[in-house]
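Hi,

Here is the structure I promised to pass on. Have a look at it first, and then read my notes below.

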Amino acid sequence: METTFLKGHKASVVGLDLSLDGRHLLSCSEDNTCRLWDPEARRGLRCLIGDGQPITHAVFSPTMEHLIFTLSGPNIRVYDLRNPGIVLKDALLTTSLEIEDDGELNQMSMRSDGKAFCCASDDGSIYQFSLQGSDTDGTLALQSEDTLPLHANVCSVVRYRYGGGYPMSNEILTGGYDCCMFHLDAIEGKWHNTLNLAESSHQKKKWVNPPFLHSLDVSRTGSHAALGLGNGNIQVIGLEDGDLNADFQAHGNAIGCVAWHGSGTTRLWSGGNDHLICFWDMSVYTECSGSDLPAVGSSEDEDPQIEASALMETGEAAEGDDLEEDEPPPLLINIEHPHGVNSLAAAPSTSPLRLYVADESNHISCYTIMQ
């Protein structure tokens, strides 16, 4: 295994995004910058300057790779890489939200057609936006759409479901510090599933590390979601039937990131605050059905926040015997990383494997692993 580094940030790197073809890597940092890299050549290409606050998330547009979307505090900024210069200070589009208690935006997800995106926020809501006009004639604009007040606490993650039979889906999956995951159609408001992580995740009666949902990734087939929890467990949900396919102890501390490798559901990366990076063979779980999904509510007429709020107030899991965990799947690779993991991005190649890691340091680690 070879380890190299991408250096340029001045503070902790909190997020990564890899372009669909794997040729470009995007990183964002607490140093108020977002950087574009050529990871193969190990060199920086562009530096995007923010609004003075830490940049918490940055993503490529899935259809217009010259557009970069960033979050910082309550602000959304869109940059156009077609503008000249290595350093870009001026954003093409900006907007700012009023979030209760000086809250921030935590994560965003782009719809597969690049014309809409959702943001997860500290107030538990999902803020929706659409892109109107065209970037070729200067009419491109951000249009605020419906806000979805979903979670009883911080909403930490949001992902669109797309891939396979869902090339342009309005379905989103969200998770937060109320220990709930919600799966719904963001436009129609139709609920597909709700998952109470406090009930479904193996726990002692009194929480030590609550199963907050820190990371969520949807496979490119649209068939499965992987959840990285605060208690170190990974759960895998079958999105067609709502089955809980897997629930196993993967890390000794909170999981900072889970990421499917490539376009399938047989390999999964995870990185935790225990300084470990794991590569799992998930085929034993994703190629068969699991047990029924424990639900908080299953229709749009029910309020899934009620039970979650009660659990947060008491700090107790559900009454009854502890649920049994599944056996961990085969562990293919185990890397002892020097820092807690914030984000992972895996190149689509399989030989060699290339993994990029953002952590508590100010550089990006690049692992090249021969199979």
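**What I found**

Let me start with a tyrosine: Y285 is buried, with a relative accessible area of 12% (buried means under 20% relative accessible area, exposed over 50%, partly exposed in between, using a 1.4 Å probe and protein chains only). Before going on, a word on the source: this is a predicted model, where local features need pLDDT of at least 70 and side-chain atom pairs count only at pLDDT 80 or more, while totals for chains, interfaces and linings use all residues. Residues are numbered from 1 along each chain as its sequence is written, and side-chain values use heavy atoms, with hydrogens and water left out.

**The overall picture**

The protein has three helices and 29 strands. Helices (H or I, at least four residues) and strands (E, at least two) are DSSP runs, numbered from the N terminus. Of its 371 residues, 57% count as buried. The protein exposes about 15200 Å², and carbon and sulfur atoms supply 45% of that; the areas come from the Shrake-Rupley method with a 1.4 Å probe, and for residues only the protein chains shown count as cover. Among contacts with a separation of 6 or more, 54% are between residues 24 or more positions apart (contact means heavy atoms within 4.5 Å).

**Aromatic pairs**

Searching the whole structure turns up seven aromatic pairs. Rings of Phe, Tyr and Trp (its six-membered ring) pair if their centres lie within 6.5 Å; planes under 30 degrees apart count as stacked, over 60 as edge-to-face and the rest as tilted. One of the pairs brings us back to Y285: its ring is stacked with that of F248, at 6.4 Å centre to centre and 15° between the planes. F248 sits in strand β22 (residues 244–249) and Y285 in helix α2 (residues 283–286), so this pair ties together parts that are 37 residues apart in sequence. F248 is buried too, at 0% relative accessibility.

W269 and F279 have ring centres 4.1 Å apart and planes at 20°, so they are also a stacked pair. They link distant parts of the chain, with W269 in strand β24 (residues 267–272) and F279 in strand β25 (residues 276–281), 10 residues apart. Both of these residues are buried. Elsewhere, F69, F117 and F129 make up one aromatic cluster.

D359 is found in strand β28 (residues 353–359). Its side chain does make a polar contact with the side chain of S361, at 2.4 Å. (A polar contact is a pair of N or O atoms within 3.5 Å; within protein, one must be able to donate a hydrogen and the other to accept it, and residues adjacent in sequence count only if both atoms are side-chain atoms.)

Leaving aside neighbours within four places in sequence, the residues in contact with D359 include S12, V13, H337 and N342. N342 lies in strand β27 (residues 341–346) and is partly exposed, with a relative accessible area of 27%. The C-alpha atoms of N342 and D359 are separated by 4.8 Å, although the two are 17 residues apart along the chain. A polar atom of the N342 side chain lies 3.0 Å from the backbone oxygen of D359, and a polar contact of 3.5 Å joins the side chains of N342 and S12.

**T174**

T174 is in strand β16 (residues 171–176) and is buried, at a relative accessible area of 0%. Its side chain makes a polar contact with the side chain of H151, at 2.7 Å. Among the other residues in contact with T174 are I126, C155, C180 and L216.

Most residues other than glycine have a negative phi. N32 is not a glycine, yet has a positive phi of about 75°; D101, also not a glycine, has a phi near 55°. N32 is in the loop between β3 (25–29) and β4 (33–38) and is buried, with a relative accessible area of 13%. D101 lies in the loop between β10 (93–96) and β11 (105–110), and is exposed, at 74% relative accessible area.

Cheers
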